[in-house]
Amino acid sequence: MATIKQIAEITNVSRGTIDRVLNNRGGVSPETEKKVRAAMEALNYLPNKAAQNLAVRRKKLKFGFILISPNNYNPFFADVERGIRKKALELEEFGVTVDIRFTPINEINKQLELLDDFVANEYNGIVITAYNTAEISRKIQEISSQGIPVVTCNTDIPDSGRIAYVGSNFYQCGQVAANLMGMITGGKAKVGIISGSENIMCITQRNAGFQNYLRDNYPDAQILATVSNNCYDDVESYLITRKILKENPEINALYLSAAGVSAACRAVTECDRKITVISNDCTPATKQLLEAGVIAATIDQEPGYQGSKPLDILFNAITNGPDSIREYYYTNAIIKIRSNLSVRPAEKNEL
């Protein structure tokens with residue numbers, strides 16, 4: 001393990017200066033601080049855990065985490081919540097408490113209410129799966145201006161003042177889905193898209209990536225229809241999928257870019273033709289559909305990491321300063337097919 005002495009030798013600065021950088025006490029030029037932090041990162045320096053533990057415990061940090069859906073509504077968020085609770089247990093050692101709150105789909109006012117509640121109760125940092133609306137963006141800007149760091153998770157809201165985003169690269173995930181669709185269908189896909197709320201950036205960007213990649217790389221493929229399940233209701237998902245398949249008998253491929261996968265696939269199995277289905281996420285229900293051959297492939301978004309990493313970012317931003325944080329922490333776009341369902345990707349271990 002690297003020591004302060006080694007960092008001092010590499011950077012040619014005093015141990016006292018390094019201590020000032022470590023504890024964010026100021027009085028160090030930006031150039032020197034940048035050099036010290038670069039050396040810490042290169043050497044994978046970790047501050048004395050006991051001293052850090054004591055210093056942070058005195059702050060009694062509180063983090064709030066707002067998820068866009070209760071875990072009994074979208075199983076993906078159950079995996080996100082498990083990641084949150086796992087990291088929360090680790091942070092208990094430092095006296096950090098984490099509160100998880102849920103907002104139903106499309107209830108923007110509920111998100112605003114929870115954000116205000118966290119601020120009023122003096123929470124030190126907030127994570128949110130944010131609706132991409134002007135009201136939410138202004139609220140995050142307001143909170144950030146008060147010195148409270150905000151991290152977005154799973155879906156982003158850029159230019160809002162949030163310090164970082166953790167989740168998939170939406171546009172790239174759409175491209176991956178289109179590439180898979182083109183490869184599996186030999187570029188002859190007649191596609192229907194079952195989408196979600198336009199207020200959620202991950203959906204709009206995912207669809208854009210899919211449509212643009214398919215158009216640019218598979219000119220013989222066609223998107224025949226796009227419908228939205230704005231409320232993420234299973235009944236609606238089933239009905240709109242059945243309707244789009246009935247009204248478009250040429251459709252031989254579906255891209256399920258949002259939730260409601262099981263219900264949509266029920267409509268697929270009921271129609272009397274072969275449909276190539278590409279989805280997102282790898283929930284228990286999705287795995288069963290992959291094993292049954294209903295879904296050809298799905299794109300895993302590492303939900304556990306999406307739950308744990310935002311809390312890690314808040315903790316480091318407060319204890320080590322915002323300069324220790326970068327803006328984007330993308331998950332891997334992990335392609336899951338029937339033959340690799342049991343393979344677990346290595347967990348990320350990065351700042």
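Is Glu302 buried or exposed? I looked this up, and Glu302 is buried, with a relative accessible area of 9% (buried means under 20% relative accessible area, exposed over 50%, partly exposed in between, with a 1.4 Å probe and protein chains only).

I noted that this is a predicted model, in which local features need pLDDT of at least 70, side-chain atom pairs count only at pLDDT 80 or more, and totals for chains, interfaces and linings use all residues. Residues are numbered from 1 along each chain as its sequence is written, and side-chain values use heavy atoms, with hydrogens and water left out.

I then checked the backbone. Glu302 is not a glycine, yet has a positive phi of about 50°. Glu302 sits in the loop between β10 (297–300) and α13 (303–320) (helices, H or I, at least four residues, and strands, E, at least two, are DSSP runs numbered from the N terminus). Asn154, also not a glycine, has a positive phi of about 75°. I found Asn154 in the loop between β4 (150–153) and β5 (164–167), buried at 8% relative accessibility.

Next I turned to salt bridges (a side-chain nitrogen of Lys or Arg within 4 Å of a carboxyl oxygen of Asp or Glu). The count by this rule is 14.

I looked up Asp156 and Arg162, whose side chains form a salt bridge at 2.8 Å, N to O. Asp156 is buried at 2%, and Arg162 is buried at 7%.

Lys87 and Glu90 form a salt bridge at 2.9 Å, N to O. They are 3 residues apart in helix α5 (residues 75–92), so about one helical turn separates them. Lys87 is buried at 14%, whereas Glu90 is partly exposed at 40%.
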